[in-house]
Amino acid sequence: MSSPNLYRPTGNVFSGQKEDGSTVKAPLSQTWDLDVFFPGGSGSPGFRAFLDELAARVTRLQEQLEAAQVPASPAELDGWTPLIVECQELVRRLRQAGAFVSCLQAQSMADQEAKLLQGRVSQIAAAFGNATTLLDHQLSQLSDEVFAALLARPEFADVAYPLQERRARAAMQMDPARESLAGDLAVDGYHAWGRLYNELVARIQIPWEEDGKTVYLSAGQAANKLLDPDRAVRTKLFPLWEQAWSEQADLIAEALNHLAGFRIQLYKHRGWDSILTEPLETNRMKAETLEVMWAVIDQNKDIFVEYLNRKARLLGLDRLAWYDVDAPVGESAAKVTYDEAAAFVVEHFGRFSPDMADFARKAFEQRWIEAEDRPGKRPGGFCTSFPLSHQSRIFMTFGGNMDNVFTLAHELGHAYHQSVMNDLPQLAQQYAMNVAETASTFAELLVNDAAVRAARSDEERLALLALKADRAVTFFMNIHARFLFETRFYAERAKGLVPAQRLNELMVEAQKDAFRGALSEYHPHFWASKLHFYITGQPFYNFPYTFGFLFSSGVYARALEEGPAFARRYVELLRDTGRMRVEDLAAKHLGVDLTKPDFWQGAVDVSVADVKQFLALTEK
């Protein structure tokens, strides 16, 4: 017995006006508009002129900082503070440039001009990094009296915390000359290894039989097929997926080893004794917070193992394989069109906040989203912001499953977060990754939880609860495996190079530990297939996701408790994410202590409740 299509909106979410006054649903484009920023793509003369001007301004800032005298009194600040103002403007322009080339590369991995532009942007960013290193050093040289006078100026009222942070971090680093040298060497060293990984991913082509013909899937297309509801498709594809990464494994292992080696040596010269010093500091959180978060998750894993075992039974299996963990259950496995997905997201955003719904509608209608399923695209999804234009762009490959719908909601959450901060000074907009994931995961919860409540049958509710539980498994187990792998890998890398075969072993060991041995088959080459291990701007690109998922669960619980009035307070919380450490953010807006287990247990309980409901519905 079929049920109503849950993904069709109750009203006209996207509509156009006919001549007779009636409305008609307008088809949505699945390709984004980049010409609004710089017409001509990677051949844009306007973008090259923009980069030329940006490079000249960065050089000028460097010269001005080198010539500047550190103010010795509050009266001397007038000639020096314009350098901070210029620094903020250059951050905006660098973000604009970086976002543009990221989009160019993602939409076509074969775009050679885009790769050259990425190199140019990296060089300018490195030069700017050298300049800001000098600025930070000068901040650290200000006397307490002069620094207090700086913060008292009206133009810096909203960036007091970021300036205090930069002053403190300067004291944790090497002297400016050595930090600048490290930054220069990183362009063709550290960051080059990250770019090499992207080159290797572009080589991935997996032969696949479709309609009697052999087609070659990109990494992104193959990743989508691993979510196919037909297990025969997944079991056929997974060995081909593993084989494709195995063929590139030795070169990818070189990239991973040298990325890690660079970090280890840099940290050594900075006097840092923990590989987590940088990721914790960049995420503005204490080690105690991270430790208690993982401890609470670990204490609650039994019920998620029970969920995995029950799901295996429902799928007719003794145990799930790696490629079964995200397999859909029930009717939600049906294909969803892009227009249906867009309408679904907008409608459920609107149930929490009309402002969020209006924002999402604008993003779809103004072509902020690249979702077309075609060869040559980069795998994965992301959201990037264009601060000069007050716009964002979202990248993904839409394959028509509910996981794609949640990806849309997730990335739109990122974009909404940026939109509520657009009027703040640039330094106050630089929030850490873990709180960035709060907004995105909160958006997912809105869509997923509303869908469960709207379900019109137990079968439909079961399918949606499975999707929610699958997300929790991702954050509590899959991402925990990534964290365990990286922690153990860095411990071995400190003693020497780690070959590809050992990386496979470390990966499987981490997966077995994180999943409590619940799976029948694991993914040895996950370390090679996951882009996150190769992102140079953010080491340990894993635990912030879990933090964001749980933090947003706590925020969402508060939203349910307080009702629509919380929407305004939610915006205020987001606006503060670039202006304080996460422990202070939670204390101010939620009244909780993140270094204690109570908050984390309450947040985990949100997912435990979903699993218990799933288990009850499947008891028969």
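## Overall dimensions

The model is predicted. A compact globule of 620 residues would have a radius of gyration near 25 Å, and the protein chain has 24 Å, so the two agree. Along the principal axes, the C-alpha atoms of the protein chain fill a box of roughly 80 × 65 × 55 Å.

The protein chain contains 23 helices and 7 strands. Of its 620 residues, 58% are buried. Counting contacts between residues at least 6 apart in sequence, 76% join residues at least 24 apart.

## Nonpolar cores

In soluble globular proteins, nonpolar side chains tend to be buried together. Here the largest nonpolar core has 210 residues. Phe47, Leu150, Leu163, Phe349, Phe476, Phe485 and Trp527 have the most contacts inside this core. Helix α17 gives the most to the core, with 18 residues. A second, separate core has 5 residues, among them Met174, Ala182, Leu266 and Tyr267.

Leu163 can be followed in detail. Neighbours within four places in sequence aside, Leu163 is in contact with Ile84, Leu139, Phe147, Leu150, Leu151, Phe156 and Leu427.

## Helices α9 and α17

The axes of α9 (residues 231-270) and α17 (residues 458-493) come within 10 Å and cross at roughly 75°. That angle makes α9 roughly perpendicular to α17.

On the α9 side, the contact involves Leu256, Asn257, His258, Ala260, Gly261, Arg263 and Ile264. These meet Phe485, Phe489, Tyr490 and Arg493 in α17. By class, the contact has 6 nonpolar, 3 polar and 2 charged residues. Phe485 of this contact is also listed among the residues with the most contacts inside the largest nonpolar core.

Technical notes. Residues numbered from 1 in each chain as written. Predicted model: local features only at pLDDT ≥ 70, side-chain atom pairs only at ≥ 80, totals over all residues. Heavy atoms only, no water. Axes fitted to C-alpha atoms, helices over the stretch in contact; angles between N-to-C directions. Helix = DSSP H or I, 4+ residues; strand = E, 2+ residues; numbered from the N terminus. Parallel < 35°, antiparallel > 145°, perpendicular 65-115°, else oblique. Contact = heavy atoms within 4.5 Å. Nonpolar A, V, L, I, M, F, W, Y, C, P; charged D, E, K, R; others polar. Core = buried A, V, L, I, M, F, W, Y, C linked by side-chain atoms within 4.5 Å. Buried < 20%, exposed > 50% of the residue type's maximum accessible area, 1.4 Å probe, protein only. Rg over C-alpha atoms; globule rule 2.2 N^0.38 Å.
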